[in-house]
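These are my notes from a first look through this structure, kept in the order in which I looked things up.

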Amino acid sequence: MQLTITRPDDWHLHLRDDLALKAVVADTARRFGRAIVMPNLKPPVTTVAAARAYRDRIQNAVQKGLAFEPLMTLYLTDRTPAAEIKEAAASGFVHAVKYYPAGSTTNSENGVTDLQKARVALAAMEQYDVPLLLHGEVTDSGIDVFDRERVFLDRHLGPLQRDFPGLRMVLEHITTQEAADYVRSAGPRVAATITAHHLLWNRNEIFRGGIRPHAYCLPVLKRERHRQALLAAATGDDPRFFLGTDSAPHARHTKEADCGCAGIYTSHAAIELYAEAFEHVDALAKLEAFASHRGPDFYRLPRNEARITLAREAWTVPNELPFGDRTLVPMRAGQSVAWRLVDPAR
Ligand code: DOR
Ligand code: ZN
C-alpha cells in the first residue's frame, strides 16, 4: 500500500547550529518543504539580522537538490523593541516570534520573565500581524510539572487574547485535553501544533521498565486520556490543529546524564510516525490536511505543490545516528516504523 500526499511542512522544529545542524537538516529537508525553525540557539536569535545569518547557515547546510525553505523566528525577550518586530514583518523570511517563559526549557534563560514586560513587542506583533508562538507552560516550582500547561492556559491565555485581540497565536506542542479544548473555543486566531511523540506515547513511556531519558521532553508526556484527546484533535476537522514535530536533537551523553536534557528527535521518521498514529485510529485520509494544508493556511503561505509518497513497509530505525562528533538516539531506536518514505531525492 502507498500513500501520496502534498509535501508536508514542519511548523515547529529545532535545527541547532554548526555540526549539529549539518547532521540533522537533511532528515527534515527530505520530507518537508518548509519548517518553522526555533530560535533557541546559544545565544538566542533575537534580531532579524541574526535570523538572516542563521537562515544562510541552514541553507548552506542543505544538500544540493533538496528544495527546503527555512521559515525563521525571533526569540522574544523582556526587551524586544517594536522596531525589531516591524523589521521582522517586512523581512519576508521571519514568520513568527517565539515566547519561552524564562527557565522553562532548553536555552530559555533569556526568555520572558513576565509577559507584562513584553507588551511593547506584543502590541507591535498585533499591529504588523506577526504570529506569537507559545511555549505554554508556567515555571513556578510550586506547580506540578504535569500541570504546567493547564495552569498556563488558565492564567495567561485569556488575558493575552483580551489584551491583544488581533494577535495570531500558536500554542506549540500541545499535550493536554484542556489545551485542545481551549483552541477549539478560542476563535480563528488561535491554533496549535501537535508532535508525533505526543500522539504515539503517553507518560508511561518515560518509566517503561526503568527511567527512559530519550522519552523525556517538555512539555512532558501526559496521561493516556490526553494522548487520545490529541489524536482526536489531529485527526478531526478543525483547521487550527496542524503538524509541528518539535524534533529536538541532543547528543546521547547529554540525555543519558545525571540531569538529562529535554527533547525527542523524530525528524528521521517524522511523517512516517504521524502516518502510524493516524493509521492506528483509522484516519489516514486526514493526514494530508493536518500535515500539508492547515499549517500554510494559518500562516498565510501557499500550500506546497510537490508531493511525497509513503509506502506501508516496515523498516528498523538505527540504534543511534551521527550528531557532529557525537551521536544521538532517535525515537524508536532499534525498533521498527511501519511506514517508509519513498525518497526520490536519495
Ligand atoms: O523537549 C523540548 N526540547 N522542549 C522544548 O521546549 C525545547 C526543546 C529543545 O530545544 O531541546
Ligand atoms: Zn520546541
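**Entry 1**

I began with aspartate 18, which lies in helix α1, residues 18–31. I kept in mind that this is a predicted model. The phi of aspartate 18 is near 55°, a positive value in a residue other than glycine, and I noted this because most residues other than glycine have a negative phi. Aspartate 18 is exposed, its relative accessible area being 52%, which is over the 50% cut-off for that word.

I then looked up aspartate 282, which sits in the loop between α10 and α11. Its phi is near 60°, again a positive value in a residue other than glycine, and aspartate 282 is exposed with a relative accessible area of 73%.

Turning to peptide bonds, I recalled that most of them are trans. The bond from lysine 42 to proline 43 is cis, with omega near -5°, and proline 43 has its place in the loop between β3 and α2. A cis peptide bond also joins leucine 218 and proline 219, with omega about -10°, and I found proline 219 in the loop between α7 and α8.

**Entry 1: the sheet**

In what order do the strands of the open sheet of eight strands run? I read the order as β2-β3-β4-β5-β6-β7-β8-β9, with parallel pairing. Strands β2 (10–13) and β9 stand at the edges with a single partner strand each, so one side of each has no neighbour in the sheet. On average, and ignoring direction, neighbouring strands of this sheet are turned by 30° against each other.

Helix α2 (residues 48–61) packs on the sheet, where it touches β3 (34–37), β4 and β5, and its direction makes about 150° with that of β4.

Alanine 35 has proline 70 in β4 as its bridge partner. Towards β5 (residues 94–99), strand β4 (residues 69–75) is joined by four bridges, and the two strands run parallel. Here leucine 74 stands opposite valine 97 in β5. Six of the seven residues of β4 are buried, and I therefore describe this strand as largely enclosed by the rest of the structure.

**Entry 2: the zinc ion**

Which residues coordinate the zinc ion (ligand 2)? I found His12 through NE2, His14 through NE2 and Asp246 through OD, at 2.0 to 2.1 Å. Along the sequence, these donor residues are spaced H-x1-H-x231-D. Both histidines come out as buried: histidine 12 has a relative accessible area of 0%, and histidine 14 has one of 7%.

I checked the length of helix α8 (residues 224–235) against expectation. At 1.5 Å a residue its twelve residues should span 16 Å, and the end C-alpha atoms are 16 Å apart, so the two agree.

Which residues of α8 are buried? They are His226, Arg227, Ala229, Leu230, Leu231, Ala233, Ala234 and Thr235. These buried residues pack against the helices α6 (177–185), α7 (196–200), α10 (270–280) and α11 (287–299), and also against the strands β8 (190–194) and β9 (241–243).

Leaving aside neighbours within four places in sequence, asparagine 202 is in contact with Leu221, Lys222, Arg223, Glu224 and Arg227. I also noted that its C-alpha atom and that of tyrosine 99, 103 residues apart along the chain, are separated by 25 Å.

**Entry 3: where α10 meets α11**

My last entry concerns α10 and α11, whose axes come within 9 Å and cross at roughly 140°. On the α10 side the contact is made by Ile271, Tyr274, Ala275 and Phe278, and on the α11 side by Leu287, Phe290 and Ala291. Sorted by class, this contact has seven nonpolar residues, with no polar and no charged ones.

Definitions and conventions:
Residues are numbered from 1 along each chain as its sequence is written. Chains are lettered from A and ligands numbered from 1 in the order in which they are written. This is a predicted model: local features need pLDDT of at least 70, side-chain atom pairs count only at pLDDT 80 or more; totals for chains, interfaces and linings use all residues. Side-chain values use heavy atoms; hydrogens and water are left out. The expected span of a helix is 1.5 Å times one less than its number of residues. Buried means under 20% relative accessible area, exposed over 50%, partly exposed in between (1.4 Å probe, protein chains only). Contact means heavy atoms within 4.5 Å. Donors are N, O and S atoms within 2.8 Å of the metal (3.2 Å for Na, K and Ca); water is not among the atoms, so sites may look incomplete. Two strands pair if DSSP finds at least two bridges between them. Axes are lines fitted to C-alpha atoms, for helices over the stretch in contact, and angles run from 0 to 180 degrees between N-to-C directions. Ala, Val, Leu, Ile, Met, Phe, Trp, Tyr, Cys and Pro count as nonpolar, Asp, Glu, Lys and Arg as charged, and the others, Gly among them, as polar.
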